[in-house]
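This report describes a single protein chain from its computed geometry. Please consult the sequence and model shown here while reading.

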Amino acid sequence: VSICGSGVVTQGIGPYGTFLDIVGNPVPHWTRDGVPIPYLPNVVTSELAARVRAGEPVRLQSVFTPGLRHPDLPAATIPIERSNAAVLLVSSADDAGYGAEFHQIAADRLRDHRRPVRHVVHPGAGHGIIAPPYAPTTVRTSPGPGVTFDHGGTPAADAAARAAAWRDTIDFLATHCGSGAL
């Protein structure tokens, strides 16, 4: 089960500096035997830099999405099809982090290899659907390093999506893991 996740490896988060320093400093998210795993780099657009300078809330999606056009996309794509497990992907249509298109990459790979997958996209919901169900959904932003992050969505859509994602997760696990596992 992945909620608001990704089918690709994205750039890691550098340790210090301003938001623009952190997202503009290419570091790997993961290594294997000390060698960086291929990843999509963040892209700092002039529009993003202007929003940061103006003190406006920023969507991390603006850093991630341009990477989907990067030539390293095939190498950075997670080989999820190697798993024999059924997979539930839960996305939100207004996710200001990874968008639904990041999960769709995983869903397409699974379908291409005839693996069991369900990809649910909740209209109007934002990145806030990742929190536990039935918690308040009125917080639309959070503090970052010198910036405010906008998570997208609306309180009503996030609340409905959280509750549905919770029910879908319980049903999915009961179906694929057996009711005794819950």
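## Basis of the model

The structure is a predicted model, in which local features need pLDDT of at least 70, side-chain atom pairs count only at pLDDT 80 or more, and totals for chains, interfaces and linings use all residues. Residues are numbered from 1 along each chain as its sequence is written, and side-chain values use heavy atoms, with hydrogens and water left out.

## Overall architecture

The chain contains 6 helices and 7 strands. Helices (H or I, at least four residues) and strands (E, at least two) are DSSP runs, numbered from the N terminus. Along the sequence these elements follow the pattern β-α-β-β-α-α-α-β-α-β-β-β-α.

The radius of gyration is 17 Å, which agrees with the value near 16 Å that a compact globule of 182 residues would have. This quantity is taken over C-alpha atoms, and the globule rule is 2.2 Å times the number of residues to the power 0.38. Along the principal axes, the C-alpha atoms fill a box of roughly 50 × 40 × 25 Å. Of the contacts between residues at least 6 apart in sequence, 72% join residues at least 24 apart; a contact means heavy atoms within 4.5 Å.

## Surface, burial and charge

Buried residues account for 41% of the 182 residues. Buried means under 20% relative accessible area, exposed over 50%, and partly exposed in between (1.4 Å probe, protein chains only). The accessible surface of the chain comes to about 9700 Å², and 58% of it belongs to carbon and sulfur atoms. Accessible areas come from the Shrake-Rupley method with a 1.4 Å probe; for residues, only the protein chains shown count as cover.

The chain carries 14 positive and 15 negative side chains, and the centres of the two sets lie 4 Å apart. Lys and Arg count as positive and Asp and Glu as negative, while His and the chain ends are not counted. Each charge is placed at NZ of Lys, CZ of Arg, CG of Asp or CD of Glu.

## The parallel sheet

An open sheet is formed by 3 strands in the order S1-S4-S5, with parallel pairing. Its edge strands are S1 and S5 (117-122), each of which pairs on one side only. Two strands pair if DSSP finds at least two bridges between them. S4 (residues 87-92) is joined to S5 by 6 bridges; Val87 stands opposite Val117, and Ser91 opposite Val121. S1 and S4 pair over 2 bridges, and Ile3 has Val90 in S4 as its bridge partner.

Strand S4 is largely enclosed by the rest of the structure, because 6 of its 6 residues are buried. Val87, Leu89 and Ser91 point one way from S4, whereas Leu88, Val90 and Ser92 point the other way. In a regular strand the side chains alternate between the two faces of the sheet.

## Two residues with positive phi

Cys4 lies in the loop between strand S1 (2-3) and helix H1 (19-24). Its phi is near 55°, a positive value in a residue other than glycine. Cys4 is buried, with a relative accessible area of 6%.

Asp33 occupies the loop between strand S2 (31-32) and strand S3 (35-36). Phi of Asp33 is near 55°, again positive in a residue other than glycine. Asp33 is exposed, with a relative accessible area of 77%.
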